[in-house]
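This note is meant for a colleague who is opening the model for the first time. Please keep the sequence and the structure in view while reading the numbered points.

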Amino acid sequence: MEEVEKISQALKLLERYEDYLFRRAWGMTFVTLGLLAPLNALLILKAQTISIILGMGTEAFISLVSIMIALAIAALTIYFFTSATIVVSRRRKFSFSREMPHAFAISLIWFVAFNVTRFFPERFAAVSWLWATGCASILSYLVLWKAQIHRSLRELVITGLTLLAASVPIAFLSEAVAETASLIVFTIAFVGGGFYSIVTASKALGEGEEAA
Amino acid sequence: MPLAGEPDEIPEIGGIFSAPHRLTIMLILYLHKRVKFKDMQNLLQITPGNLDHHVRKLEQARYVKTRYVFSWRPLVAIEITTEGARAFRDYATRLRKLLEKVK
């Protein structure tokens, strides 16, 4: 039937559009993370000077900045993903078993990644960020691949491997150089990975399977 | 396959949704409410003029409206209206009933 063929074609395009939104949300999240997390680290490194200028205690300043940036990252991530998936007209029943396990698993992976770094020895403080987030990227890819709800995001693996590979030489640098180097690597990997995701999402929107 | 006794079920509303592109536009807008003009053009792989033609047809039926949204640059977005959502829901319901009869 002609109508069925038309609907079937429309559904294929809908799936492609939803994939595009999902990939773009990942890209935006990566860019946000790549800019805000190093900003947090930078502010903590300069906390003593800034807190004197602001006339507040260094500890209080560090806590305030860390909380504000963590909240900003969480709020923006939630915004990017909900605006990609929330549908206004759809009255679809929310399926916990279909949608929540992988979203929960990925959130947990990143929460652990950002908190596990404090348990590393002091001399690995700088590179522990790269190890934790690199592993989190690769684990997120594996969760998405297992869930098979959206097409797998290769950029997660590329970013993860970049972070892990770059951490090896940085681990042998002096502490002061390692701090700056890991911040630069973190920013380049996440902002680069984010933009790559956004660009490939736009390409895949027009070209379909081949570009995805 | 024409169905005896129900010849007008789909053709009745098929007028506006008969073009595959318009059907896709309505399906995506029904589910996502608002889509950027440029994204829709890339998705459908048609020229801006062609998409504009389909959007105008849907606008004339008051099923969609276009508006400017402000991102880091001004963008045109296509948005479904309440009337459009209702019409598409009716279309989907009729199509589902028709398929159930075929089954």
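1. Helices (H or I, at least four residues) and strands (E, at least two) are DSSP runs, numbered from the N terminus. With that convention, the elements of chain A read α-α-α-α-α-α-α from the N terminus on, that is, seven helices and zero strands. Chain B, read along its sequence, follows α-α-β-α-α-β-β-α, with five helices and three strands.

2. The model is predicted, so local features need pLDDT of at least 70 and side-chain atom pairs count only at pLDDT 80 or more, whereas totals for chains, interfaces and linings use all residues. Residues are numbered from 1 along each chain as its sequence is written, and chains are lettered from A and ligands numbered from 1 in the order in which they are written.

3. On confidence, pLDDT is the predictor's confidence in each residue, from 0 to 100. Chain A averages 84, and 88% of its residues score at least 70.

4. Burial is judged by counting C-beta atoms placed from the backbone: a residue is buried if 20 or more others lie within 10 Å of its own, exposed if 12 or fewer, and partly exposed in between. Of the 212 residues in chain A, 29% are buried; of the 103 residues of chain B, 30% are. Helix H2 (residues 47-54) of chain A lies largely in the open, because zero of its eight residues are buried. Gly55(A), which follows H2(A), has a positive phi, near 75°.

5. Two residues are in contact if their C-beta atoms, placed from the backbone, lie within 7 Å. Taking contacts between residues at least 6 apart in sequence, 71% of those in chain A join residues at least 24 apart. The corresponding share in chain B is 54%.

6. Is Trp129(A) buried or exposed? Trp129(A) is buried, because 24 other C-beta atoms lie within 10 Å. Trp129(A) belongs to helix H5 (residues 125-147) of chain A. Neighbours within four places in sequence aside, Trp129(A) is in contact with Thr117(A), Ser182(A) and Phe186(A). From Trp129(A) to Ala47(A), the separation is 82 residues in sequence and 19 Å in space, C-alpha to C-alpha.

7. The two chains meet in a contact that takes 17 residues from chain A and 18 residues from chain B. On the side of chain B, the elements that give two or more residues are helix H2 (20-32), helix H3 (37-44) and helix H5 (82-102). H2(B) supplies the largest share, eight residues. The residues on this side of chain B divide into twelve nonpolar, four polar and two charged. Here Ala, Val, Leu, Ile, Met, Phe, Trp, Tyr, Cys and Pro count as nonpolar, Asp, Glu, Lys and Arg as charged, and the others, Gly among them, as polar.

8. H7(A) and H3(B) pack with their axes 6 Å apart, at an angle of about 50°. H7(A) is therefore oblique to H3(B). Angles under 35 degrees count as roughly parallel, over 145 as roughly antiparallel, 65 to 115 as roughly perpendicular and the rest as oblique. The axes are lines fitted to C-alpha atoms, for helices over the stretch in contact, and angles run from 0 to 180 degrees between N-to-C directions. In this pair, Ser202(A), Leu205(A) and Gly206(A) meet Asp39(B), Asn42(B) and Leu43(B).

9. A nonpolar core is a set of buried Ala, Val, Leu, Ile, Met, Phe, Trp, Tyr and Cys residues joined through C-beta atoms within 7 Å. The largest such core has 31 residues, and Met26(B), Leu29(B), Met40(B) and Val64(B) have the most contacts inside it. Both chains contribute: helix H1 (2-45) and helix H7 (175-207) of chain A are among the elements giving two or more residues to this core. H2(B) gives the largest share, seven residues. A second, separate core of 29 residues includes Met28(A), Val31(A), Ala126(A) and Leu130(A).

10. Gln45(B), not a glycine, has a positive phi of about 55° and lies in the loop between H3 and H4 of chain B. Arg62(B), likewise not a glycine, has a positive phi of about 60°. Arg62(B) is exposed, because 12 other C-beta atoms lie within 10 Å.
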